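This report looks at one helix and at the charged pairs in and around it. The sequence and the structure come next.

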Amino acid sequence: MFRGAIIQGTRQFASANRGGIPRTSPALLSVRQWQVAPSYVRLRRGYSTEQSTNASSEENKNGATPAAEPQTKSDKQTSPKDSNGLTKEVEALKKDLEERTKEARDFKDRFQRAVADFRNLQDRTEREKKTARDFAIQKFAKDLVESVDNLDRALTTVPAESRTEENKDLMNLYNGLKMTEDVLLNTLKRHGLEKVDPMGQVFDPNKHEAVFQVPMSDKEPGTVFNVQQTGFALNGRTIRAAKVGVVAAAAPK
């Protein structure tokens, strides 16, 4: 049987060769299909891979972004030892921050105090400079006051009834002394030295010196009613107190 099949196949092959048309036996065809199939599969796979590559390149050209692959979660977890280390580090940083904040607060307080002290020093220096400028001539003014007193005494020695046309020389002398006194007082006033006449004013112990007291019914107690010596003030500061008589309070009956 097997031999007959081989003889029949040989005859068919010879007749096919004589007719010019190649023929393949069913057995040989199945063997060739089995040999060609892997190559066909490889071609199909290559074609599909090329298609996917071309498609991805076209998407990149069109601006499409390929979908990101989902990230895999790490299976590692923080151990208790690492957690304790982080906690200690955070506490150390907090403590360091508190110390730095305290130092900054101290430095700010010192700076503000230094600025306040410097400003106080500036104000005190300005006051001292002004005081030195205003009262630089205080000693000279005290010595000059005696000259004004002597002019006053000279003028008071000439009574009003003696200043007549009959006593022309005496009158001229009086007028000359009066003019000299006025010029001197104006000059002193320009430099801050003023004459203080407290007649009729309320007694002030900072400006006046009470020499005596007399009760008077027609005047208020504590009023100056007599001036024995005028006072002088330099830029508001008393350099010589006026010697005065003060009205005393009436004695109780």
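Lys 178 and Glu 181 form a salt bridge, with their closest N and O atoms 3.9 Å apart. The model in which this pair is found is a predicted one. Both residues belong to helix α5, where they are three residues apart, about one turn of the helix. An α-helix has 3.6 residues a turn, so residues three or four places apart point the same way.

The two partners differ in their surroundings. Lys 178 is partly exposed, with a relative accessible area of 35%. Glu 181 has a relative accessible area of 3% and is buried, because the cut-off for buried is under 20%.

Lys 195 is partly exposed, at 32% relative accessibility.

Helix α5 covers residues 168–190, 23 residues in total. From its first C-alpha to its last it reaches 33 Å, close to the 33 Å expected at 1.5 Å a residue. Besides Glu 181, the buried residues in α5 include Tyr 174 and Leu 188. Among the elements that cover the buried residues of α5 are α4 (138–156) and β1 (193–196). After α5 comes Gly 192, which has a positive phi, near 95°.

**A pair in another helix**

Glu 126 and Lys 129 form a salt bridge as well, at 3.9 Å from N to O. This pair lies within helix α3 (residues 80–134), and its members are three residues apart, about one turn of the helix. Glu 126 is partly exposed, with a relative accessible area of 49%, and Lys 129 is partly exposed too, at 45%.

| Salt bridge | N to O distance |
|---|---|
| Lys 178 and Glu 181 | 3.9 Å |
| Glu 126 and Lys 129 | 3.9 Å |

Definitions and conventions: Residues numbered from 1 in each chain as written. Predicted model: local features only at pLDDT ≥ 70, side-chain atom pairs only at ≥ 80, totals over all residues. Heavy atoms only, no water. Helix = DSSP H or I, 4+ residues; strand = E, 2+ residues; numbered from the N terminus. Expected span 1.5 Å × (residues − 1). Buried < 20%, exposed > 50% of the residue type's maximum accessible area, 1.4 Å probe, protein only. Contact = heavy atoms within 4.5 Å. Salt bridge = Lys/Arg side-chain N within 4 Å of Asp/Glu carboxyl O.
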